[in-house]
Protein chains: 2
Amino acid sequence: MRWAEGFIAADWGTTNRRAYLVSGDGRCVDEMEDGKGVLSVPAGGFSDAVAEIRQRLGDKPLLLAGMVGSNRGWVEAPYVPCPAGLQEIARSLAWPEECTAIVPGVSWRDDDDADVMRGEETQILGALAAGLIPADALVCHPGTHNKWVRLQGGQITRFTTVMTGEMFNLLKEHSILADQLGEQAEPDAAFERGVRKALAGAAVTSELFTIRARFALGKRMADASSYASGLLIGADIGAGLDLADADARPILIGRPDLTRLYSAALTIAGREAVELDGEQAFLAGAKRIVELIDERR
Amino acid sequence: MRWAEGFIAADWGTTNRRAYLVSGDGRCVDEMEDGKGVLSVPAGGFSDAVAEIRQRLGDKPLLLAGMVGSNRGWVEAPYVPCPAGLQEIARSLAWPEECTAIVPGVSWRDDDDADVMRGEETQILGALAAGLIPADALVCHPGTHNKWVRLQGGQITRFTTVMTGEMFNLLKEHSILADQLGEQAEPDAAFERGVRKALAGAAVTSELFTIRARFALGKRMADASSYASGLLIGADIGAGLDLADADARPILIGRPDLTRLYSAALTIAGREAVELDGEQAFLAGAKRIVELIDERR
């Protein structure tokens with residue numbers, strides 16, 4: 001049986017999962033999403049959790065990507081070191097059972113440094129396989145852990161993670177600023193002020209406290225979420241653009257609500273970016289990996 | 001009755017409180033500490049909570065400083081704007097009851113910026129009143145919210161807060177790095193590496209993720225707490241020294257376990273610092289405020 005005649009691809013993260021049924025002509029014909037993230041599956045429970053996906057979408061070959069392949073997941077699919085393209089990734093799939101493959105993550109390290117990704121590689125290399133981005137590019141993948149990724153010759157050669165999304169969530173859920181950060185961040189004037197402050201080198205954890213200080217002085221900021229987001233994303237792109245050629249257009253891949261904020265911040269930094277939807281990129285990556293599975297059989 | 005003939009001074013914060021009985025000759029002759037921070041006192045419960053202090057240490061005039069004077073505390077003692085010295089502070093005490101005074105915090109603001117402190121002013125101006133620091137100085141008060149404070153002519157003229165302690169606690173308690181940050185941070189080689197990275201302008205939230213990446217790659221850092229602390233404190237002093245004259249010796253006031261780390265980081269940055277114990281500074285500040293209360297009666 002050829003996988004490409006019909007398969008399911010699932011992006012299975014820490015806190016939720018999303019699965020797509022892809023028909024033989026490459027179209028997504030059905031999908032499901034639920035909150036059964038890797039951390040909510042009990043030990044020994046992955047076979048059942050996978051069976052649920054097939055009950056819902058059909059008894060098809062199944063390609064899994066994301067944290068399901070980590071040491072907290074079902075079966076560990078060890079990281080593929082840079083340089084890594086889809087060929088290297090397809091050669092390193094983990095096979096917890098027949099007709100079910102798990103995509104490995106990608107790692108980078110030298111004596112002084114280390115980094116890992118798991119899940120983003122499928123989207124980024126998928127966008128490349130679909131011809132949506134060039135073989136040499138700087139890609140930014142916003143999320144809990146934003147990835148800045150250098151592509152060279154169609155391979156991931158270097159990347160760096162910035163914990164922007166996690167920091168924002170920590171501040172929003174557990175910090176002294178929590179009461180001030182309930183609103184959705186928007187690319188508004190406060191966001192721009194935050195981006196500019198961070199790009200100019202202001203200390204983010206100092207600027208953040210001004211939100212608290214204004215509140216204590218009776219001058220609550222209605223747009224505190226946008227300001228905090230601007231500070232964090234401004235510092236993030238300040239770091240990420242270190243990886244960029246001066247004239248390259250960064251490519252943003254991910255959730256549209258996040259790529260929109262990063263695009264706005266990059267514009268403020270004088271860089272026009274391209275935005276691509278992470279879901280489409282994921283499906284493109286899954287399709288290409290499935291072709292490589294069929295070729296290797 | 002003159003306060004200076006014998007009084008109680010209490011540093012009453014968000015999560016705990018510490019009270020000292022000071023005799024007529026200025027010595028601390030008894031003290032108490034418990035976990036009854038401002039947030040654990042129910043509405044209407046402050047009279048009883050204060051009575052406990054007097055039952056324990058004696059029926060004396062009582063000077064309270066810290067978050068007990070905030071809008072979450074007993075009675076709000078509004079912030080005194082910069083420039084603020086002990087004279088200005090003594091003029092702005094709040095009096096929730098006879099023989100009980102609450103020290104106000106200090107604020108700074110202009111059109112574009114705002115900052116507040118509450119509790120640190122008593123320690124910093126106390127060290128000044130005791131002749132431990134000069135009337136013109138840069139003071140650093142590490143804690144949940146580190147304060148960099150410029151003293152000019154014996155007054156607080158400008159200050160800036162960096163949320164270093166809170167960030168470290170958020171990472172330690174709620175982040176993906178939580179499992180790696182259980183050890184006590186020490187001024188060791190990993191701490192120095194973190195300080196140097198941050199001083200060189202590295203993105204702290206990117207460097208922090210290398211702790212996670214090393215773990216994922218099977219290369220767990222035994223000294224991750226020190227490295228994370230070095231990164232955060234390095235970025236903190238990088239921001240704080242912007243307030244300093246090039247040749248000034250910063251003065252560190254606070255908990256000795258924290259001033260020790262900041263002193264080590266400042267040494268790495270090429271600046272020798274002076275360390276002063278926050279508790280002694282607090283008592284000196286309380287004594288001077290009490291003298292001013294007596295002078296004004």
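A residue is called buried if 20 or more other C-beta atoms lie within 10 Å of its own, exposed if 12 or fewer, and partly exposed in between, with C-beta atoms placed from the backbone. Keep that in mind for helix α3 of chain B, residues 120-129, where 10 of the 10 residues are buried, so the helix is largely enclosed by the rest of the structure. Among the buried residues are Glu120(B), Glu121(B), Thr122(B) and Gln123(B), as well as Ile124(B), Leu125(B) and Leu128(B). Just after α3(B), Gly131(B) takes a positive phi of about 75°. Helices (H or I, at least four residues) and strands (E, at least two) are DSSP runs, numbered from the N terminus.

Before going on, a word on what you are looking at. This is a predicted model, in which local features need pLDDT of at least 70, side-chain atom pairs count only at pLDDT 80 or more, and totals for chains, interfaces and linings use all residues. Residues are numbered from 1 along each chain as its sequence is written, while chains are lettered from A and ligands numbered from 1 in the order in which they are written.

Let us turn to the two chains together. Chain A can be laid on chain B with an RMSD of 0.0 Å by a turn of 180° and a shift of 0.0 Å along the axis (a least-squares superposition on the C-alpha atoms of residues with pLDDT of at least 70 in both copies). The two copies are thus related as by a two-fold rotation axis. In chain A, the C-alpha nearest that axis belongs to Leu170(A), 3.3 Å away.

Where the chains meet, 32 residues of chain A are in contact with 32 residues of chain B; contact here means C-beta atoms, placed from the backbone, within 7 Å. The side of chain A that touches chain B is made up of 16 nonpolar, 10 polar and 6 charged residues. For this count, Ala, Val, Leu, Ile, Met, Phe, Trp, Tyr, Cys and Pro are nonpolar, Asp, Glu, Lys and Arg are charged, and the others, Gly among them, are polar. Of the interface residues of chain A, 100% are also interface residues in chain B, so the copies meet through the same surface.

Now for a sheet in chain B. Its 5 strands form an open sheet in the order β12-β11-β10-β13-β14, with mixed pairing; two strands pair if DSSP finds at least two bridges between them. At the edges are β12 (155-162) and β14 (274-277) of chain B, each pairing on one side only. Strand β13(B), residues 251-254, and β14(B) pair in the parallel sense over 4 bridges, and Ile253(B) has Leu276(B) as its bridge partner in β14(B).

The loop between α8 (256-268) and β14 of chain B holds Glu272(B). With 9 C-beta neighbours inside 10 Å, Glu272(B) counts as exposed. Not counting residues up to four places away in sequence, Glu272(B) touches Arg249(B) and Thr267(B).

Glu97(A) has Thr100(A) as its bridge partner in β7(A). This hairpin has 2 residues between the strands, and Cys99(A) takes a positive phi near 70°.

Terms used: Two residues are in contact if their C-beta atoms, placed from the backbone, lie within 7 Å.
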